[in-house]
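Have a look at the structure, then read on.

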Amino acid sequence: MLTDRQRLEAAELLRSAEHGVTPIAPLTEAFPGIDTEDAYEIQLVNIRHRLAAGAEVRGHKVGLSSPVMQRMMGVDEPDYGHLLHDMELRSDVPVTAARYCRPRVEVEVGFVLGDDLPGEGCTPADVLAATERVVPALELIDSRIRDWRITIADTIADNASSAGYVIGEGRDPRELDLKAIDARLTSGGELLAEGRSDAVLGDPAVSVAWLARTVARFGVPLRKGHVVLPGSCTRAVDVAAGATFTAGFSGLGSVSLSFI
């Protein structure tokens, strides 16, 4: 484990990398003893820093929600990060790609909560009961670690590599089979990636329930109005200036994000 001073130093390195759009070497190289507990504390240092500057928590994202990604990272459970108000993006407002180090987009079935979720003991049934609507979503991910050379500790410390998100209107989750939503990512008429919602832990509601139980251990609630991104249905796709990406979902609609 790291000392408090080392955690603060690592957090400052990530902040500087993000603000300067200048990625850094993996934290695991600069701090060989770093573990996942250190990484979550580093993430929280930077979240508290942003909250003190006026940011507001609007939800959370889950990462590493597929067995393939977990095996790649050598872990047996997902990770999570925070969604802040200044990470909200809009389909009708192009995003400047140069603001980010090495951005990518991921396709997700998002959840908008209509009620608070229970923490300890939260189940997928609780998630469905508390969800106002499920929504088509694109998450903009970015790594402040150079060339995406990340380990599990690197990505957790870096707010689970999250940078922004956009959501569409959506539907009542009880009107859909959440385990069988087909997802396609296109750009300029070209199919870039496709998958299905059960790629997310077999059922994206399972991912949201895991998140509620996990953050509850740190005294963090998932509140009415929060957005939860449970994990990607497809592989991540690199972003390029001038491109428009559209995520389409069977029975759920679509959402787009453009870059300049």
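## A four-stranded sheet

In what order do the four strands of the open sheet lie? The order is β7-β6-β10-β11, and the pairing is antiparallel. Keep in mind as you read that this is a predicted model. At the edges of the sheet you'll find β7 (190–196) and β11 (253–258); each has a single partner strand, so one side of each is left without a neighbour in the sheet. Going from one strand to the next, the twist averages 15°.

Now for the pairings themselves. Strands β6 and β7 run antiparallel and share six bridges, and S187 has E190 in β7 as its bridge partner. These two strands make a hairpin with two residues between them. In that turn sits G188, with a positive phi of about 60°. Strand β6 (residues 182–187) is also joined to β10 (residues 244–249), again antiparallel, by five bridges. As an example from this pairing, T186 has T246 in β10 as its bridge partner. As a bit of background, strands of a sheet pair through backbone hydrogen bonds, either parallel or antiparallel.

## Rings that meet

How many aromatic pairs does the model have? The count comes to three. Take Y40 and Y80: their ring centres are 4.7 Å apart and their planes are at 20°, and since planes under 30 degrees apart count as stacked, this pair is stacked. The pair links distant parts of the chain, with Y40 in helix α3 and Y80 in strand β2 (residues 79–84), 40 residues apart.

Are these two tyrosines buried or exposed? Y40 is buried, with a relative accessible area of 13%, and Y80 counts as buried too, at 4%. Ring pairs also bring in F218, so that Y40, Y80 and F218 are linked into a cluster.

Another pair, F245 and F259, is edge-to-face, at 5.9 Å centre to centre and with 80° between the planes. F245 lies in strand β10, while F259 is in the segment after β11, so the pair ties together parts that are 14 residues apart in sequence. F245 counts as buried at 3% relative accessibility, and F259 counts as buried at 2%.

## The second largest pocket

Which element gives the largest share of the lining? That would be α3, with five residues. Sorted by class, the lining of the second largest pocket has eight charged, seven nonpolar and six polar residues.

## A stop at D126

How far apart are D126 and E41 in sequence and in space? They are 85 residues apart in sequence, and 28 Å apart in space, C-alpha to C-alpha.

How values were computed: Residues numbered from 1 in each chain as written. Predicted model: local features only at pLDDT ≥ 70, side-chain atom pairs only at ≥ 80, totals over all residues. Heavy atoms only, no water. Pairing = 2+ DSSP bridges. Axes fitted to C-alpha atoms, helices over the stretch in contact; angles between N-to-C directions. Nonpolar A, V, L, I, M, F, W, Y, C, P; charged D, E, K, R; others polar. Phe/Tyr/Trp six-rings, centres within 6.5 Å; stacked < 30°, edge-to-face > 60°. Buried < 20%, exposed > 50% of the residue type's maximum accessible area, 1.4 Å probe, protein only.
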